[in-house]
Structures are given as structure tokens and as C-alpha cells.
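Please look over the sequence and the structure before reading the points below.

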Amino acid sequence: MIQIDSKIIELCRRGDTASFRAVVQAYQPMVYSLSIKMLADAEEAKDIVQDTFIKVWQSIGSYDNRYSFSTWVYTICSRLCLDRIKKLRWQAPMADDIGVLENYVSDSNPERQLEGSEWVSVVKVLVQGLSNKQRLVFTLSQLEGLSTEEITEITGMDATQIKSNLSLARKSVREQLKKLGYE
């Protein structure tokens with residue numbers, strides 16, 4: 001996980017916009033990655049990135065440096081994503097989305113990385129039917145690679161809740177893949 005120097009954070013607290021630019025540059029890929037995977041909409045994800053950094057700038061004075069800065073940023077981003085999901089109507093995956101997943105799964109090149117637009121399609125297929133909590137825990141754990149401890153800090157859920165939501169999410173994702181013919 002990315003970690004920015006505490007001196008830069010302190011400069012940001014004092015209103016140094018050049019230091020904040022460094023924070024944005026360091027964390028923007030992480031915030032966009034989470035947003036696109038949670039929302040499955042590139043434009044909405046871009047809006048969340050902007051909203052996240054506005055909130056970070058406005059709230060940086062309340063950041064407690066006993067905790068990881070990246071976890072704090074993830075927390076802000078994930079809450080904004082959940083709020084946006086509540087406002088949006090989820091769009092079911094289309095045939096094109098399923099085709100993208102099928103092409104990705106059948107690709108024998110392990111080095112292949114998904115493009116942003118492909119992530120949208122894959123996420124729409126995989127998280128169909130998940131609750132917001134399950135989607136968040138699945139995204140943070142399986143797609144972002146965070147530990148249970150980090151997810152606990154971000155979501156406020158305890159380890160048991162995380163494991164339960166993750167288990168249900170994995171089961172649902174497996175069912176989605178089985179519907180597509182993948183065992």
C-alpha cells in the first residue's frame with residue numbers, strides 16, 4: 001500500500017497546495033481503482049475521485065497519524081462510493097460485459113491487465129446481486145488485495161462481519177461464474 005511522508009501531510013494541514021498535489025498524485029490511482037470497481041461506471045468513478053480529494057483536503061486536519069494515511073483515504077473513498085451506489089440505480093450486465101469477462105478468463109496470457117472499461121464490464125458481471133457491504137468487502141479484499149485488518153479500519157466492521165460478507169460475496173460471484181459456464 002502507498003504511504004506518503006508525514007512531513008507532506010503536515011504541510012497539507014498548513015494549507016500547502018503543492019504538497020497536496022503530491023498527495024493527489026500518489027493516491028489518485030488507488031482511489032480510482034476502488035471507485036471503478038465499486039461503481040462500474042467510469043464517469044461516476046472520476047466524480048468520486050474528485051469528491052474524495054475534496055473531502056481529504058477539507059478533513060486533513062482531523063486525520064489521526066496513528067493510522068495509515070492510505071487507509072484513511074480508502075475509508076473516505078469507500079463511504080463516498082457507498083453513498084453514490086445508494087443514489088444510483090445499478091445497471092445489470094449486458095451481453096458485451098459478459099463477452100469481456102469471457103475473453104479475459106479465456107486469455108492464456110497471465111500478464112494481461114484489464115483496462116478501465118473492461119473492469120467496468122467484469123465488475124458488473126461479478127458483483128451482480130451483492131449487497132453494498134458485500135460489494136465493498138469483496139472489492140477491498142479480492143480486487144484491491146487488502147488485509148482483514150485494513151478492511152476493518154476502512155469499513156468499521158469487525159473481522160467476523162468481514163469474513164461473513166466476504167463468504168457470501170464469493171458464493172454469489174461463484175454462482176455468477178457458473179451461470180456463464182465457468183466452474
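A residue is called buried when its relative accessible area is under 20%, exposed when over 50%, and partly exposed in between, using a 1.4 Å probe and protein chains only. By this rule Phe69 is buried, because its relative accessibility is 0%. The model is predicted, so local features need a pLDDT of at least 70 and side-chain atom pairs count only at pLDDT 80 or more, while totals for chains, interfaces and linings use all residues. Residues are numbered from 1 along each chain as its sequence is written, and side-chain values use heavy atoms, with hydrogens and water left out.

**Confidence**

- The mean pLDDT of the chain is 82, and 77% of the residues score at least 70; pLDDT is the predictor's confidence in each residue, from 0 to 100.
- Helices (H or I, at least four residues) and strands (E, at least two) are DSSP runs, numbered from the N terminus.

**Nonpolar core**

- A nonpolar core is a set of buried Ala, Val, Leu, Ile, Met, Phe, Trp, Tyr and Cys residues joined through side-chain atoms within 4.5 Å.
- The largest such core has 42 residues, and Met38, Phe69, Trp72 and Leu140 have the most contacts inside it.
- At least two residues of this core come from each of α1 (6–13), α2, α3, α4, α7, α8 and α9.
- In soluble globular proteins, nonpolar side chains tend to be buried together.

**Aromatic pairs**

- Rings of Phe, Tyr and Trp (its six-membered ring) pair if their centres lie within 6.5 Å; planes under 30 degrees apart count as stacked, over 60 as edge-to-face and the rest as tilted.
- The structure holds 6 aromatic pairs.
- Tyr63 and Trp72 form a tilted pair, because their planes stand at 50 degrees, with the ring centres 5.3 Å apart.
- Tyr63 is buried at a relative accessible area of 6%, and Trp72 is buried at 18%.
- Trp72 also pairs with Phe69, again tilted, at 5.5 Å centre to centre and 40 degrees between the planes.
- Both Phe69 and Trp72 belong to helix α4 (residues 69–87), where they are 3 residues apart, about one turn of the helix.
- An α-helix has 3.6 residues a turn, so residues three or four places apart point the same way.
- One aromatic cluster is formed by Tyr27, Tyr63, Phe69 and Trp72.

**Helix α7 and its surroundings**

- Helix α7 (residues 132–143) has several buried residues, among them Leu136, Val137, Phe138 and Leu140, and also Arg135 and Gln134.
- The buried residues of α7 pack against α2 (17–39), α4, α8 (148–155) and α9 (159–179).
- Contact means heavy atoms within 4.5 Å.
- Beyond its neighbours within four places in sequence, Leu140 is in contact with Leu34, Tyr74, Gly145, Leu146, Ile151, Ile154 and Thr155.
- Gly145 follows α7 and has a positive phi, near 75 degrees.

**Ser35 in helix α2**

- Ser35 lies in helix α2 and is buried, with a relative accessible area of 0%.
- Leaving aside neighbours within four places in sequence, the contacts of Ser35 are Ala40, Ala45, Ile48, Val49, Cys77 and Cys81.

**Salt bridges**

- A salt bridge is a side-chain nitrogen of Lys or Arg within 4 Å of a carboxyl oxygen of Asp or Glu.
- The count comes to 8 salt bridges.
- Glu10 and Arg13 form one of them, with the closest N and O atoms 3.7 Å apart; both residues lie in helix α1, 3 residues apart.
- Glu10 is partly exposed at a relative accessible area of 33%, and Arg13 is partly exposed at 29%.
- Asp51 and Arg84 meet in a salt bridge of 2.9 Å, N to O.
- This pair links distant parts of the chain, with Asp51 in helix α3 and Arg84 in helix α4, 33 residues apart.
- Asp51 is partly exposed at 29% relative accessible area, whereas Arg84 is buried at 17%.
- A network of salt bridges links Glu44, Asp47, Asp51 and Arg84.
- Asp64 and Arg66 form a salt bridge with the closest N and O atoms 2.5 Å apart.
- Asp64 is partly exposed at 25% relative accessibility, while Arg66 is exposed at a relative accessible area of 66%.
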